[in-house]
Amino acid sequence: MAFSKSLANDQSADSPAAASPQLYICLACGWIYNETEGDIDSGLAPGTRFEDIPDDWVCPLCGVTKSDFEPYTPPNLQDLRAQTKSPRASSPATHYARRNEAGVVIVGAGHAGWLLANNLRQADALMPITLVTACAGHRYDKPLLSVAMVKGIEPADLVRETGAAAAQRLNIKLLAHTQALRICTESQQLRTSRGSLRYQHLVLAHGAQAISPPSLPEELCWRINHLDAYLKFRNALVASLQPDSTGQTGAKDVLIVGAGLVGCELANDLALGGHRITLVESADTPLSRWPDELAGNPLLHAWKDLPIRFLGGVQVQKVERIKERFRVTTQCGQRYAADHVIAAVGLATPPQLAQTAQLKWNQGIEVDPTSMATSQAHIYALGDCTSVNGIASRFIEPISRQVATLSGTLLGAQNVPAYEYKTSAVRVKTSTLPMTLETMA
């Protein structure tokens, strides 16, 4: 349970042992190895020192090697907790306890939102925390969405903890299936589809969304960027595999538009799951953000025996429903039939909510790395929706460092560690040819 382990580590971070260099973080996905717990599923008994782990051991979540880990020190929640009990008027937490303020409202129940809620609650038992999310708010390991079939994980088993259970455990208010509509900065209110919420501090952690060009209409194409979408897709795939009139089931034709990280990982996983894949990409090779010789060409060679047809240098013109199937037409006039179409042409931060508060925008919500504050007072941002000096955050690993900065800021801590963007390993979870590449800004 990768993210659950991370939360467990955070919960025990006020013990002296947790402050020692016994934790190591995966620079690709943010999973934390705890020497005290070991990695039983991989044969590492509790108490196994990191230096004693074999070099061929890999991260159980994303598969990077031991060399892609570094020592990790979680936020010192004991110090933060002590500071919230001080009488300093500058501490937001003392305001909460003394005047029953509105508290912290977090928009988004992904890894960033839950990790922040966990840190705040462990440091301050009285702080009012409300989490608003358009989905059910379940906690899950996002990297597993790209490898669930090859790992034999049933869709229902992807949920590590339900949103309701996590909210009860942390004593926070969860507004699931609720849309955040508008920020009113003057009155410090967030308008939602279930009414308005007052906030002392508002945190935007709603992530990024899959890009939706007109040629790939949302009603005809799957966009798999979070658990709810993946579960719906897997359920539809299973339904389409029901026996026909002859009692036979068979592989389905899945056309994926976009051969970046998500498109390639899904193509690999679905092909190994027995389906026929057509992968369409405007560039000449897959993973075109990296040099062909490092990524695209080796991957195509590894796929030569899989039912994956790669079409490079191709633009999709339109997608149509033809009875129970779909027809994809390219700009050069070629047509391809498919049972399912997946759009994986990239991510973009949705600007609507930020625009209602007139937040500074630069490839995402621009934040101050020393505090994770936006351009408006009392509003902060985390994770995929943020940018620092125009560099968007699109990976899991930086989230823990961003949360450490923001937790200290909201709790009025001194010497808060500033968030610093740095390149890290990116694990391409194509099990036929796993690759570790460097992030490309």
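Tutor: Let's start with lysine 66, which lies over the face of phenylalanine 50, 5.4 Å from the ring centre. Keep in mind that this is a predicted model.

Student: What makes lysine 66 count as lying over the face of phenylalanine 50?

Tutor: Its distance to the ring centre is 5.4 Å, and the cut-off for NZ of Lys is within 6 Å, along with being within 35 degrees of the ring normal.

Student: Why is the pair of tyrosine 24 and phenylalanine 50 called stacked?

Tutor: Their centres are 4.1 Å apart, with 10° between the planes. Centres within 6.5 Å make a pair, and planes under 30 degrees apart count as stacked, so stacked is the word. Tyrosine 24 sits in strand 1 and phenylalanine 50 in the loop between strand 2 and strand 3, so the pair ties together parts 26 residues apart in sequence.

Student: And why is the pair of phenylalanine 50 and phenylalanine 69 tilted?

Tutor: The planes are at 45° and the centres 5.9 Å apart. Stacked needs under 30 degrees and edge-to-face over 60, so tilted is what remains. Phenylalanine 50 and phenylalanine 69 are both buried, and Tyr24, Trp31, Tyr33, Phe50, Trp57 and Phe69 form one aromatic cluster.

Student: On to the sheet 9-10-11. How do you know that strand 10 and strand 11 pair?

Tutor: Four bridges join them, and at least two are needed, so they pair. They run antiparallel; for one, arginine 191 has serine 196 in strand 11 as its bridge partner.

Conventions: Residues are numbered from 1 along each chain as its sequence is written. This is a predicted model: local features need pLDDT of at least 70, side-chain atom pairs count only at pLDDT 80 or more; totals for chains, interfaces and linings use all residues. Side-chain values use heavy atoms; hydrogens and water are left out. Rings of Phe, Tyr and Trp (its six-membered ring) pair if their centres lie within 6.5 Å; planes under 30 degrees apart count as stacked, over 60 as edge-to-face and the rest as tilted. Buried means under 20% relative accessible area, exposed over 50%, partly exposed in between (1.4 Å probe, protein chains only).
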